Structures are given as C-alpha cells and as structure tokens.
Amino acid sequence: MNSAGKIIEVKDMVKKFGQFVANDHLTFDVYRGEIFGFLGANGAGKTTAIKILCGLSLPTSGEIKVAGYDVYTGREQIKTRIGYMSQKFSLYEDLTVKENIRYYAGIYGLPRREINIKTKTLLERLNICNIANTLVREIPLGWKQKLAFSVAVFHDPELVFLDEPTGGVDPIARRQFWELIYEATGHGITVFVTTHYMDEAEYCHRVSIMSEGKISALDTPENLKKQYHANDINEVFVKIARNN
Amino acid sequence: MNNLAGFIKKEFIHILRDPRTLIILFGLPVVQILIFGFVIRNEIQDVKIAILDYSKDDVTREITNKILSSGFFVLSENLTENNDIEEIFREGKIREVVIFESQFARKLEREGKASVQVLADASDPNSASLVVNYTRGIIFDYLKKASKEAAQPLKINAEVRMMYNPGLKSAFMFVPGTMALILMLVSAMMTSISIAREKETGTMEVLLVSPLRPIHIIVGKVTPYILLSCINAVVIIALGYFVFGLPVKGSLVLLLAETVLFISLALSLGILISTMASNQQVAMFLSVFVLMLPTILLSGFIFPIENMPKILQWVTFIVPPRYFIEILRSIMLKGTGFFNIWQQTTVLIGMTLFFIILSAVKFKTRLE
Amino acid sequence: MISISNISKTFGQIAALSNITLEIPAKQIFGFIGPDGAGKTTLFRLITTLMVPDSGAILVNGFDTVKEYRRIRMFTGYMPGRFSLYMDLTVEENLNFYATIFGTTLEKNYHLIKSVYSHIEPFRKRLAGKLSGGMKQKLALSCALIHNPEILVLDEPTTGVDAVSRKEFWELLHELKQKGMTIVVSTPYMDEAAKCDTIALVHKGRLLETDKPGKITGSFKEHLFAVSGENQFRLINDLRNYQPGVSAYLFGQAIHLSFNTKPDINHLKMHLAKSGHGDVKVEPIMPSVEDCFISSMTSSGNH
C-alpha cells in the first residue's frame with residue numbers, strides 16, 4: 001500500500017476560529033487505496049478538518065497536500081480529483097434517479113457519450129434500472145445512500161470523503177453499503193470516512209481518533225485494540241475520551 | 001397564570017436576542033416612514049413656472065426676481081391673460097403659475113394688504129404642495145423685510161389653488177398606509193413566523209405534550225407583539241407629526257383604540273397563517289402574498305380605490321387594511337369622530353372575531 | 001404501564017405502523033430498535049398524545065390517548081428526535097421555561113434533575129445553540145425531567161451523538177430507572193439494545209419481535225459463525241457462494257455466517273482454502289441483537 005504513495009499529507013495543520021482552536025497541529029498521512037476511518041466525538045474538529053481537505057476552507061497554518069496539490073494554491077485541481085458524500089446525501093429529491101446521476105456527471109464536465117454509457121452501467125450495477133425514472137424522494141433510504149455514493153464516485157475520483165454515510169439506515173443496507181465501499185477500493189479509490197457506528201471502524205484499514213482538536217490515536221484497528229487492551233474499537237474510543 | 005408569564009418572558013427573550021427581528025420591529029417602521037416621506041418630499045429644483053402679473057410694478061417685479069433667483073424655480077413664460085393658464089397647465093410645460101392682482105404695490109401701500117394667487121398642478125399632489133410652500137415662503141420672506149421698512153405691518157394674501165386635485169387627497173396618505181402595512185407586517189408576519197419556527201425546530205411538540213392549553217400558547221405568542229405593535233403605532237404617529245407635520249385632528253384616544261383593534265385583527269390573521277404553515281418559509285410566503293401585497297396594492301394605500309377596475313374594487317371590501325386606512329384618514333386628516341367611522345369599525349370587529357374563532361378552531365392540540 | 005392494542009397509522013399511501021400490539025411494563029427501560037422509517041417516531045407521537053391512531057387504542061397508565069390526553073400530558077415527559085431546545089435561550093433559560101410551563105420551578109425540582117444537569121451546569125449561561133451534541137442531549141433530557149414525569153419517552157436520544165456521550169447517557173437512564181421511572185426509548189444503534197430491559201425490534205411499521213434482549217438472542221435458530229480472513233470483501237463473496245441457505249454479513253472485524261442446518265465446518269475450511277483464502281478463522285459464536293434483527297428482516301421478506 002505504501003508503495004502507491006500518499007494521497008493526503010497533513011503536517012501541523014492548525015485551524016482557529018477566533019480564540020478557539022478547532023484543529024490543533026494535526027499531522028497524518030492517508031495512503032492510496034486505503035480506507036481511512038476518521039473518528040472523534042462531536043465537536044472534536046472532524047468536520048473542520050474535512051472541509052479543509054476538500055478545499056472548502058483554508059487552514060490557519062500547516063502544510064497540507066491532497067492528491068498531490070497544495071490546499072492553498074490547488075483547490076480547484078483538488079476538487080476535480082475528489083468525491084464527497086455527506087450525511088444529507090446531497091441528492092435532489094424532486095429529480096429522478098437518472099436525472100440526479102446525469103446532473104452530477106454534468107457538473108464534472110464528462111462528455112455526453114460517456115455520461116450515457118456510465119449512467120447505464122451504474123443503473124445496472126446497482127440493480128435499480130426499474131426505478132431510474134422514479135423521483136429520489138420516493139425511493140427507500142438505503143437506495144438513496146447507495147445512489148449518493150455512486151454519484152460521488154461517478155467521475156472516478158482518486159479519493160472520496162464520506163461524512164457519516166450510514167446514519168439511520170437498516171442493518172442490512174448498512175452492510176451492503178460497506179460492501180459497495182470495498183468494491184470501490186478494489187478499483188483503486190481511496191476512502192476517507194467518518195462514522196458514529198464503532199463496528200464500522202473495524203472495516204477501515206487504519207483509524208484515527210480525534211478529541212479536542214488533536215489526533216489522540218492513529219493505527220490499524222488491530223493495533224489500537226492491543227495498545228488500549230480493548231475488545232473492540234468502541235472501548236478504545238471510550239478509553240481515549242475518558243483520558244482527556 | 002404563572003406558566004403564561006413564563007411563556008411571555010421567553011417570547012420577549014426570542015425577540016430581544018435576534019437582531020433581525022429587532023430590525024424588522026423597530027428599524028423598519030422608521031425607515032419606511034422616512035422613505036415614503038422623502039420620496040414625496042424630494043428636493044425641488046428648477047421647477048418651471050409662469051408669472052401672470054396684472055400689476056407690473058416695483059413690488060411685483062422684486063418678488064418675481066426673488067422667486068426666480070431662489071434656485072428652485074425657472075421662468076418658463078410670462079403670461080398676459082387668465083385664459084392662457086388652463087392651456088399652459090394642460091400642455092404640462094409648467095407646474096405653477098403665480099398671479100399678482102392689479103395695482104399690487106398701491107394696495108399694499110395704502111391698505112397694508114394685497115393678494116397673490118398661486119396655482120399649482122396637483123396631479124402630482126406631493127410635489128405640488130412642496131412647490132406651493134416654497135413659493136409662499138419666498139413671498140412671506142419678502143413681506144417680513146418690507147414690513148420692517150414700512151411703518152405699518154403689511155399683509156400679502158397668498159391664495160393657493162390646486163388644479164386637478166383640489167383636496168390634495170393623497171398628500172398625507174403615506175402615513176396611514178404605512179401604519180397599516182407595518183402593523184400588518186409586525187403583528188401577522190412576525191407571529192406566524194415565530195409559531196412556525198417552533199414547529200420547525202420541534203419545540204412545538206414538547207409544548208403540545210405539556211399541560212399548556214392552546215389558548216396559553218396563543219396568548220403567550222401574541223402578547224409581546226401587541227405591546228410592540230402599539231409602540232410602533234405611536235412611533236409612526238409621532239414621526240408623522242414631528243418630521244412631516246401631519247396633525248392628528250381627531251381624538252388620539254379613538255385613534256389608538258382603532259389601532260389596537262387592527263392589531264388584534266392582524267394577530268389573529270397571523271395565528272391563522274401559522275396553523276396552515278408547517279415551517280417559517282411557508283409562513284413568510286403566505287404572509288407576503290395573503291397580507292402584504294393586498295395591503296400595498298388593494299387597500300387604497302398607494303393606488304386610489306376609485307380608479308381601480310370594478311372587480312378589484314369589490315375585492316378591496318375583503319381587505320382589512322382598506323377599512324383601517326379609511327378610519328385613520330378620517331381621524332387624522334379630517335378630525336371626524338366615532339359616528340363617522342362606526343361602519344368601518346364594525347367591519348373590522350366582525351373580521352377580527354371571525355379570524356379569532358377560525359384560528360382557534362384550526363389550532364390543533366396535536367400534530368398532523 | 002402502556003398497553004398498545006392493534007394500532008395502525010397511515011400517511012397517504014404509506015403505512016407508518018401496521019397493527020402493532022404490545023405492552024410496555026412500568027419501571028423498565030423499554031427500547032424500540034429499528035432503522036429510520038421503522039415507525040418509531042410515529043409510535044412515540046401516538047403514545048404522547050400528539051397523534052391519533054387510524055385504528056386501535058393506546059392506554060397510558062390506564063388513560064386513553066385520544067379521550068383523556070390531558071391527563072396523560074400531566075405525567076409524561078417527552079424528548080423528540082430533534083432536541084427540542086430553544087437555541088437562542090441559555091441552558092438555564094431553557095430549563096426555567098420548561099419548568100414554568102409545567103407549573104413548577106427549577107429550584108423546586110432541582111433534585112430531580114441534579115444527576116443529569118450537573119454535567120452541564122457549569123455552562124448554564126451559555127446559549128443552547130452553542131452546546132456540543134452530547135450537552136444538548138443532556139439539556140434536553142433535563143428539560144424532559146423537570147416536572148418529575150412518571151413516564152419518560154425519548155425518541156432517538158443518542159442518534160448523532162458520539163460513543164462516549166452515548167455511554168454516559170445510558171448510565172443516566174439507568175439511574176432514572178432506579179428511581180422508579182418508566183422509560184421508553186428508541187435507537188437505531190443495535191448495540192444499545194443490551195442496555196434495555198425489554199426490546200421491540202421494528203422495521204417498516206411492523207413489529208419483528210418483542211422480548212428481553214437475552215431471550216431474543218437465545219431464540220436465534222440458525223447456526224452462527226464468525227469468519228475472519230485476509231481479504232474480507234473477496235471472502236464474503238466466496239462465503240455467499242458456498243452453498244444455498246447461507247447468509248453472510250460484515251460484522252466489524254469478522255464476517256457473520258449463518259446456516260439453516262448444522263454445517264460441516266471442515267468442509268467449509270477446505271472449500272475456502274481451495275478458493276485461495278489462506279489463514280481463515282471460523283468460530284461458532286453467540287448471536288447479537290443485530291444478528292437477530294437481520295435474520296428477522298430477511299425471514300419476514302422485508303428488505
């Protein structure tokens with residue numbers, strides 16, 4: 001994995017809002033092809049960090065490179081190389097499934113022919129050809145979520161950010177979603193994911209746990225459990241938070 | 001009773017802590033009155049006038065010079081005959097004619113008084129009254145100086161006539177109209193939005209499952225706005241009086257009583273809207289289309305009702321501000337008493353009761 | 001005690017709840033477990049008298065939710081899914097407000113909420129909108145407790161809240177239970193089921209199962225194994241193709257594999273070895289509530 005190099009390089013990243021330090025000297029790397037779990041309590045500074053990595057806001061200081069581009073100067077290049085899926089799924093409820101796919105493909109400037117072919121394969125792969133012309137509002141949550149993910153990676157980004165992608169869906173849909181993520185990493189995409197379901201942390205290759213603006217732990221789930229003498233990541237998480 | 005007091009206190013905190021609400025509540029009325037006022041009061045400059053001088057003596061010439069050198073007026077024509085006036089006004093070339101009677105200086109000297117007639121094109125009533133006031137100001141300014149030089153006090157009788165719109169019907173319209181608009185806005189829109197906000201954030205769920213009765217919620221929501229609306233009404237009347245010299249000729253008590261009636265009407269409309277709106281956006285949308293637009297367009301505030309097509313005239317009968325504006329004008333401008341406006345008042349009372357009952361019926365003790 | 005009999009509720013075409021019947025015993029923590037759209041919120045709104053069922057009846061401590069809703073509102077505390085706080089009021093002002101609408105004061109009932117409120121009391125002058133998720137949750141709970149309710153209804157109190165705050169929150173609920181309160185709670189997190197005395201698994205408006213968590217996991221009929229290996233994604237696909245009647249789902253660090261009939265594990269291991277999975281561990285395990293949920297979902301043909 002290391003041979004493929006780093007896709008995110010963060011060194012001493014600081015973000016302040018007035019007196020408040022949201023990110024306090026974060027340093028970490030994400031390698032190409034891995035599933036990187038980004039955990040932390042509410043208000044620990046996760047969202048702030050993701051916004052910076054996506055090129056949506058500038059850090060106060062630090063050296064940060066995403067997909068080889070500097071976040072200070074290469075924000076536009078970064079945006080074409082990443083995908084983003086939020087908790088709210090960012091699908092248009094009053095557009096059909098197909099219209100949503102074509103709309104997002106259009107944003108990234110894919111040629112029309114390619115959009116047509118890729119839309120068709122996507123609908124077939126997700127097995128949702130029968131609802132292609134249904135309004136997104138009317139499809140079940142689990143499907144919406146898969147669709148949102150597929151749309152986020154439609155333009156074949158090198159890296160995709162998933163911000164609490166599985167909130168509220170049923171246990172089967174949640175697992176199907178993770179299989180979708182695995183499948184995507186099989187194609188070489190890097191996944192950067194946040195979640196409140198601690199069992200999902202186990203699916204990640206490496207996990208970082210943030211608290212109060214700092215990264216308190218970063219390692220593979222196996223090593224974290226050993227290090228903190230815990231049975232699962234949930235225990236690790238609670239122990240770290242209690243220590244602070 | 002205690003829980004009601006707590007509710008009202010909470011509402012006040014909401015209002016006082018939200019800068020946007022405060023601006024709408026207190027900034028908007030002042031700004032609106034001033035804007036409407038100054039749109040009407042725009043500076044006059046180079047207004048074209050004509051002079052009809054039957055006297056042609058030193059005094060009339062000096063007054064004419066003073067008028068023309070003031071910077072406000074430009075001489076367009078010297079007339080010789082009364083008959084020309086109609087025509088020159090109709091052509092729209094000038095906005096004012098100043099007519100000096102014959103033997104002006106002699107009359108002034110011998111009898112101590114003379115007459116000057118000021119005619120203005122009042123089809124634009126607001127600027128007409130301005131133009132006339134400026135002219136009169138210049139004439140009286142001359143008179144003051146002349147009186148000092150002469151041994152006796154002099155008097156010039158400046159007779160003003162407005163052409164085309166003799167009663168200057170909409171000169172002071174903006175104050176009653178703005179008052180209706182602002183009270184509608186503050187009372188109806190703000191209440192409906194503040195109730196809709198509780199639905200949106202989910203706090204309404206908890207209020208509903210509490211022992212609070214709907215009437216408590218309604219009264220609690222409405223009380224702060226009654227108070228604030230009354231303050232607003234007083235501010236508007238005061239601004240009209242002190243800034244624009246609009247008098248309240250009739251009874252102030254009657255005026256305030258009618259205002260409270262209208263506020264109650266607007267509040268009951270606000271509650272009615274909130275029973276139909278599930279979020280702030282819908283409440284806002286309904287308020288603007290159901291309340292604001294009719295108040296601006298169909299109440300006689302800006303566009304005279306008598307000039308509207310027949311169908312719209314009929315529509316105005318169900319627009320509450322129409323009655324309120326009529327009441328305000330009667331009391332403020334004409335100084336009439338209650339017996340002249342009892343009909344409008346009755347309609348407003350009827351409407352208020354109707355909306356209160358309707359919103360009480362529609363205000364649910366449950367979700368859905 | 002809350003008895004729910006034959007409750008149905010539809011919104012337009014969608015059946016939010018279909019024919020639900022169950023009893024919620026007093027002085028227990030009763031959990032409704034299920035994903036979004038299961039009908040948990042609708043059921044809670046019916047219990048708290050906020051909605052009227054299409055058919056069926058609910059009795060809360062013997063009072064009917066439709067006819068005697070005022071009585072029920074006196075002794076029920078409710079915390080809706082979205083924390084029902086006034087974000088422009090401070091912590092203290094929120095509490096005072098909820099106290100007054102229930103005709104009491106913060107001072108009088110301070111002892112009732114002390115265990116919860118003490119966590120956020122240092123921030124009592126802070127606006128509710130500026131609190132973290134966990135603190136908002138505790139404030140909302142304090143507000144729901146301020147009038148000393150007999151029954152506490154909490155709709156997804158732990159959703160979107162981090163693992164630590166969730167743990168603390170459950171500890172608080174247990175303290176309240178000790179004081180004799182009946183607590184009805186819903187959650188989408190299956191691992192929280194174990195914290196409840198009785199649970200009801202709900203999905204798409206239907207009741208899958210109701211029982212003590214231990215009884216539910218105890219009645220799991222399939223043969224369950226945890227399988228772990230190098231490449232989980234490839235492993236899960238190969239497991240699914242192993243033989244008909246198996247189901248395989250990701251469960252954290254392992255794959256949970258279940259069989260309708262008792263399997264030959266050695267045969268399975270050989271099969272996997274043939275497919276190129278080197279170091280594969282297969283161990284029989286006890287089912288979790290989540291396993292039961294998935295199994296009920298699939299057997300009811302509901303997904």
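This is a predicted model: local features need pLDDT of at least 70, side-chain atom pairs count only at pLDDT 80 or more; totals for chains, interfaces and linings use all residues.
Helix H5 of chain C is mostly covered, with 13 of its 13 residues buried. Two pairs of chains touch, and the pair with the most contacts is that of chains B and C.

**Chains and domains**

- No contact joins chain A and chain B, and their closest C-alpha atoms lie 17 Å apart.
- In chain B, the domain assignment gives domain 1 as residues 47-163 and domain 2 as residues 171-367.
- The centres of domain 1 and domain 2 of chain B, taken over C-alpha atoms, are separated by 45 Å.
- In chain C, the domain assignment gives domain 1 as residues 2-210 and domain 2 as residues 221-286.
- The centres of domain 1 and domain 2 of chain C, again taken over C-alpha atoms, are separated by 40 Å.

**Helix H5 of chain C**

- Helix H5 of chain C covers residues 133-145, which makes 13 residues.
- From its first C-alpha to its last, H5(C) reaches 18 Å, close to the 18 Å expected at 1.5 Å a residue.

**C:Gly77 in chain C**

- C:Gly77 belongs to strand S6 of chain C, which covers residues 76-79.
- C:Gly77 has 0% relative accessibility and therefore counts as buried, the cut-off being under 20%.
- Although C:Gly77 and C:Ile146 are 69 residues apart in sequence, their C-alpha atoms are 8.5 Å apart in space.
- With neighbours within four places in sequence left aside, C:Gly77 is in contact with C:Ala144, C:His147, C:Pro149, C:Ile151, C:Leu152 and C:Val153.

**Helix H5 of chain A**

- H5(A) consists of twelve residues and reaches 16 Å from its first C-alpha to its last, close to the 16 Å expected at 1.5 Å a residue.
- Because ten of its twelve residues are buried, H5(A) is largely enclosed by the rest of the structure.
- The buried residues of H5(A) include A:Gly142, A:Lys144, A:Gln145, A:Leu147, A:Phe149 and A:Val151.
- These buried residues pack against strands S6 (82-85) and S7 (159-163) of chain A, and also against helices H3 (97-107), H4 and H6 (171-186) of chain A.

**A:Cys129 in chain A**

- A:Cys129 lies in the loop between helix H4 (112-125) and helix H5 (141-152) of chain A.
- The relative accessibility of A:Cys129 is 45%, so A:Cys129 counts as partly exposed.
- With neighbours within four places in sequence left aside, A:Cys129 is in contact with A:Leu123 and A:Glu124.
- A:Cys129 and A:Phe36 are 93 residues apart along the chain, and their C-alpha atoms are separated by 32 Å.

**A helix pair in chain B**

- Helix H7 (residues 174-201) and helix H10 (residues 252-276) of chain B pack at an angle of about 30°, and their axes are 8 Å apart.
- The crossing in which H7(B) passes H10(B) is right-handed.
- On the side of H7(B), the residues that meet H10(B) include B:Met179, B:Leu183, B:Ser187, B:Thr191, B:Ile195 and B:Lys199.
- On the side of H10(B), the residues that meet H7(B) include B:Thr259, B:Phe262, B:Ala266, B:Gly270, B:Ile273 and B:Ser274.
- The residues of this contact between H7(B) and H10(B) divide into 13 nonpolar, seven polar and one charged.

Definitions and conventions. Residues are numbered from 1 along each chain as its sequence is written. Chains are lettered from A and ligands numbered from 1 in the order in which they are written. Side-chain values use heavy atoms; hydrogens and water are left out. Domain bounds come from an automatic or database domain assignment. Helices (H or I, at least four residues) and strands (E, at least two) are DSSP runs, numbered from the N terminus. Buried means under 20% relative accessible area, exposed over 50%, partly exposed in between (1.4 Å probe, protein chains only). Contact means heavy atoms within 4.5 Å. Axes are lines fitted to C-alpha atoms, for helices over the stretch in contact, and angles run from 0 to 180 degrees between N-to-C directions. A crossing is left-handed if the near helix is turned anticlockwise from the far one by less than a right angle, and right-handed if clockwise. Ala, Val, Leu, Ile, Met, Phe, Trp, Tyr, Cys and Pro count as nonpolar, Asp, Glu, Lys and Arg as charged, and the others, Gly among them, as polar. The expected span of a helix is 1.5 Å times one less than its number of residues.
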